[in-house]
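Visitor: I would like to learn how to read a model like this one, feature by feature. Could you walk me through it?

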Amino acid sequence: MARYELYNEDGSTDREQCTRCGDSFLADHGDRLHCGKCGYTEWK
């Protein structure tokens with residue numbers, strides 16, 4: 001994804017960041033949120 005798709009014009013973001021590693025976004029897979037870097041998963 002391009003940077004303009006992840007961040008708003010003011011530099012904020014609507015996506016959740018990983019609580020374990022903290023520097024990557026969680027991917028939304030419908031029934032869960034998943035971090036591709038460390039493997040952390042939150043079930044909805």
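Guide: Numbering starts from 1 along each chain as its sequence is written. This is a predicted model, where local features need pLDDT of at least 70, side-chain atom pairs count only at pLDDT 80 or more, totals for chains, interfaces and linings use all residues, and side-chain values use heavy atoms, leaving out hydrogens and water.

Visitor: Where is confidence lowest, and where is it highest?

Guide: The score to read is pLDDT, the predictor's confidence in each residue, from 0 to 100. Where it is low, the predicted coordinates should not be read in detail. Here the protein chain averages 91, and 100% of the residues score at least 70. The lowest mean, 83, belongs to helix α1 (residues 3-6), and the highest, 96, to strand β2 (residues 32-34). Helices (H or I, at least four residues) and strands (E, at least two) are DSSP runs, numbered from the N terminus.

Visitor: How much helix and strand does the span 18-38 hold?

Guide: Residues 18-38 are 0% helix and 24% strand, with end C-alpha atoms 9 Å apart. For residues 3-41, the values are 10% helix, 15% strand and 23 Å.

Visitor: Which residues make up the largest nonpolar core?

Guide: Such a core is a set of buried Ala, Val, Leu, Ile, Met, Phe, Trp, Tyr and Cys residues joined through side-chain atoms within 4.5 Å. Buried means under 20% relative accessible area, exposed over 50%, and partly exposed in between (1.4 Å probe, protein chains only). The largest core has five residues: Cys18, Leu26, Leu33, Cys35 and Tyr40. Beyond its neighbours within four places in sequence, Cys18 contacts (heavy atoms within 4.5 Å) Ser24, Leu26, Cys35, Cys38 and Tyr40.

Visitor: How many salt bridges are there in the whole structure?

Guide: Look for a side-chain nitrogen of Lys or Arg within 4 Å of a carboxyl oxygen of Asp or Glu. The search finds three. One joins Asp23 and Lys37 at 2.8 Å, N to O, linking the loop between α1 and β1 with the loop between β2 and β3 (41-43), 14 residues apart. Another joins Asp28 and Lys44 at 2.7 Å. Asp28 lies in strand β1 and Lys44 in the segment after β3, so this pair ties together parts 16 residues apart in sequence.

Visitor: Are Asp28 and Lys44 buried or exposed?

Guide: Both are exposed.
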